[in-house]
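Hi,

Here is the structure I promised to pass on.

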Amino acid sequence: MATQHLIDSLKGELQSLAAYTDIDLVSRKDKWGSINFEEARADIDLALSVATDLLDLPLQYLTDTTAQQIIDYVPGVVGGLAEIDQFSLEGGDPVSRRDNLSQNLHAQVEALYAVAGSSIPYLAYRRGDATDNITKLNQAVADAGKILEEAKKSADDKNSEIEEIIKAARAAAASTGVATFTEEFRDEASTLGARSKNWLIATAVFAALTIGAAIGSYFWPEVSPKADGWETLRNVASKVAIIAVLFTGTIWCGRIYRALIHQATVNKHRALSLKTFQAFVKAADDPYVRDAVLMAATKTVFGSVPTGLVEYESSQDQGVNFVEFGKRPSGEKVTEAATEMLDG
């Protein structure tokens, strides 16, 4: 262990070095202008750090040799800092003088740190900082582990809540979508029904005109008994043409009326199918039952509906078979579930 005389001398030297802690040795624009000691910043900080660290540590645990070596190197560093502190732009090339001062300080700091740097960890351990730091670090790791576990548990709980929210949102979105399409089909059915009434009136008007023309042509124009065959043929042809046009208009208006009534009936059927589907889905808890109801409702809604108003031909292949489309995955799931039950 170092003697008290060496310890007192060492503290005095370190205090003289630490005195430059509050002095700006890097840049002084009011005195140095654009010239600065930025390249020497690392050496200045290292020298001051060594001084302040050693002053806070139990120097009595140093050997006499180490303490004397530190005492010998500190004045060189102090002198280098003093030269930087007294630097001015007068007296020759300031850039060259700055570079020389920076290089000289670098050599002095390296020599000091080579001796004092290896002693600082041991002195810190002797003061008890290392043990305290290890204890604090272990406690911090334990606290971090607890926080991590709590965060993981909270995340799992949040994930469960988010999944429930997503399920509820999907169900609400599906219900809203079905209700929206139900109203759209219902509105379309009402619109087509209103339009069909106009065509029904047009059909009645054309039919009345056809009947009126047929009756009127019987009495007018009269065919003169003296008319020859060509005159008679001309009169008959004109009457037939008028009646044919009116009759064709009646048939055409009647077909449009029948088509509109058919479309209105189909859309009303689709609205009722979607409403029924929504009721079944709300009542069913099994997802496979819901899938079956969905496929059946889809086939009913988008399939051909025989209303009796237009010609309908039944066919074994009516577009995409939704039941066949979804049967394999559902069948495989049911088979897997049954196998697991039998194995259990």
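Arg98 counts as buried because its relative accessibility is 18% (buried means under 20% relative accessible area, exposed over 50%, and partly exposed in between, with a 1.4 Å probe and protein chains only). Its salt-bridge partner is Asp99, with the closest N and O atoms 3.2 Å apart; a salt bridge here is a side-chain nitrogen of Lys or Arg within 4 Å of a carboxyl oxygen of Asp or Glu. Asp99 itself is partly exposed, at 27%.

Before the rest, a word on the source: this is a predicted model, where local features need pLDDT of at least 70 and side-chain atom pairs count only at pLDDT 80 or more, while totals for chains, interfaces and linings use all residues. Residues are numbered from 1 along each chain as its sequence is written, and side-chain values use heavy atoms, leaving out hydrogens and water.

How many salt bridges does a search of the whole structure find? The search gives four. Besides the Arg98 and Asp99 pair, one of them joins the side chains of Arg41 and Glu38, at 2.7 Å from N to O. Arg41 is partly exposed at 36% relative accessibility, and Glu38 is partly exposed at 42%.

Another links Glu183 to Arg186, whose closest N and O atoms are 3.4 Å apart. These two residues are three apart in helix H7, so about one helical turn separates them (helices are DSSP runs of H or I with at least four residues, numbered from the N terminus). Glu183 is partly exposed at 39%, as is Arg186 at 33%.

Helix H7 covers residues 129-219 and also holds Tyr218. With 65% relative accessibility, Tyr218 counts as exposed. Together with Ile211, Ile215 and Phe219, Tyr218 makes a nonpolar surface patch of about 510 Å². Patches take residues with over 30% relative accessible area and no salt bridge, and nonpolar side chains (Val, Leu, Ile, Met, Phe, Trp, Tyr) are joined within 5 Å, like charges within 9 Å. The areas come from the Shrake-Rupley method with a 1.4 Å probe, and for residues only the protein chains shown count as cover.

Finally, the helix packing. Helix H4 (residues 64-85) packs against helix H5 (residues 94-116) at an angle of about 160 degrees, and their axes are 9 Å apart. H4 is therefore roughly antiparallel to H5 (angles over 145 degrees count as roughly antiparallel).

Best wishes

Methods:
Axes are lines fitted to C-alpha atoms, for helices over the stretch in contact, and angles run from 0 to 180 degrees between N-to-C directions. Angles under 35 degrees count as roughly parallel, over 145 as roughly antiparallel, 65 to 115 as roughly perpendicular and the rest as oblique.
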